[in-house]
Amino acid sequence: MKFLQLLSRKPGKLLQVPFGQKQLPYLCLATSACFYSKKKKVNSYEEVDQEKYKNLVYSVTSYKTSAQTPETIFEEDNLLYGPPSKQRCPVKAETETPRNWVPLINPNKRIPLLNSDSAFPMKISLQKTKMPSVTRILQQTISPQQAFYLERWKQKMILELGKDGFAEYTKNLFLQGELFHAALESIFLSEETASKEQKDVATVSGYLSSVEHVLKDVSEVKVLESAVQHENLQYLGLVDCVAKYRGQLCVIDWKTSEKSKPFLKNTFDNPLQVAAYIGAINHDANYDFQVSCGLIVIAYKNGSPAHPHFMDPDLCLHYWNKWLLRLEEYKDRNQH
């Protein structure tokens, strides 16, 4: 009963019932003791980890609209999603197989038991035919990414030099390349470079100094600036040199560059060009030998040591397959 009396002092009263029966609380409680209200609506944005997504918010609210380039896209992706995964997706070109696969080494070509080593390297003039050149095929099947970078470089140079200045710049690059190849030819033929104009020698002296250490490993020159054609695949080209490099017979491609290219991947389509020339020589009846290796030599105008990139038979075969795909792409585009 004392317990019931204490409860009766609270705002909520008990219903008076006879003793011994179940007592029920009187439901009319004061509002001060019974505080009910609607649940406050929770804002879902308040539950977001703002620290985690602050970079996303910043990029969306502060990024200015401008011309997109691969660099800005990569930067934006890195800002939004973090660094890219190290796991690479398979490249389609790596898994493709040429429809018309032709071996790099010609199984039907008979090599004389005694090679007729001439005192002078072979040099066949390039004749104009309807066959496309290796250079033309590679230029017309260049990847969109490479085309973008080339165009961006061109526009940058035009901005700095003007159209006329850029035309003069490219003209000088081609001239230096021609003089460099001519100087190398003179060296291989044991001609006196002093017979050349001093101006020409001075122009390419840096390149010659650059390749000096490579020339020490080159011997038994068999071909110099000679035309080759693949009789089955119907393309042609002009090979810089075929000689032995450290005992291995190679197609050698001499390149000039103002930018350092220490790795083979820095040479873009040059390995495909070398592979195309190897295949052409091996299927050209004018040459009584076959080649399975390649060498790309990057010479520098400032005289810094050239970078020689040796391509063993397996690597040559790898790029030969890539070349066949590019050749098929060219033919598909130019079908009438």
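Here are some notes on the sheet, the helices across it, a cavity and a salt bridge.

1. **Ground rules.** The model is predicted, so to speak of local features a pLDDT of at least 70 is needed, side-chain atom pairs count only at pLDDT 80 or more, and totals for chains, interfaces and linings use all residues. Residues are numbered from 1 along each chain as its sequence is written, and side-chain values use heavy atoms, with hydrogens and water left out.

2. **The sheet as a whole.** Five strands make up an open sheet with mixed pairing, in the order β1-β2-β3-β4-β5. Strands (E, at least two residues) and helices (H or I, at least four) are DSSP runs numbered from the N terminus, and two strands pair if DSSP finds at least two bridges between them. At the edges stand β1 (218–230) and β5 (307–311); each has a single partner strand, so one side of each is left without a neighbour in the sheet. From one strand to the next, the twist averages 30°; axes here are lines fitted to C-alpha atoms, for helices over the stretch in contact, and angles run from 0 to 180 degrees between N-to-C directions.

3. **β1 with β2.** These strands pair in the antiparallel sense over nine bridges.

4. **β2 with β3.** Strand β2 (residues 235–245) and strand β3 (residues 248–257) run antiparallel and are joined by five bridges. Here Cys 241 stands opposite Ile 252 in β3.

5. **β4 with β5.** This pair is antiparallel too, over five bridges. Leu 295 has Phe 310 in β5 as its bridge partner. The hairpin of β4 and β5 has six residues between the strands, and Gly 303 there takes a positive phi near 85°.

6. **Helices across the sheet.** Helix α6 (residues 144–188) lies across β1, β2, β3 and β4 (293–300), and runs at about 130° to β1. Helix α10 (residues 313–333) lies across β1, β2, β4 and β5, at about 85° to β5. Contact means heavy atoms within 4.5 Å.

7. **A cavity.** How many cavities of 30 Å³ or more does a search of the whole structure find? The search finds one, and the largest cavity holds about 40 Å³ of space. On a 1 Å grid over the protein atoms alone, a cavity is a set of points where a 1.4 Å probe fits but cannot get out, and lining residues have an atom within 4 Å of a point. Grid points are joined across faces, edges and corners, and the volume is the space filled by probe spheres set on the points.

8. **Its lining.** The residues lining the largest cavity are His 181, Leu 184, Glu 185, Phe 188, Leu 224, Glu 225, Asp 240, Cys 241 and Trp 254. Helix α6 gives the largest share of this lining, four residues, while α6, β1 and β2 each supply at least two. By class, the lining divides into five nonpolar, one polar and three charged residues (Ala, Val, Leu, Ile, Met, Phe, Trp, Tyr, Cys and Pro count as nonpolar, Asp, Glu, Lys and Arg as charged, and the others, Gly among them, as polar).

9. **Salt bridges.** The whole structure has eight salt bridges (a side-chain nitrogen of Lys or Arg within 4 Å of a carboxyl oxygen of Asp or Glu). One of them joins the side chains of Arg 99 and Asp 332, at 3.0 Å, N to O. This pair links distant parts of the chain, 233 residues apart: Arg 99 is in the loop between α4 (92–95) and α5 (134–140), and Asp 332 is in helix α10.

Methods
1 Å grid on protein atoms, 1.4 Å probe; cavity = no way out; pocket = protein on both sides within 12 Å on 5 of 7 lines; lining within 4 Å.
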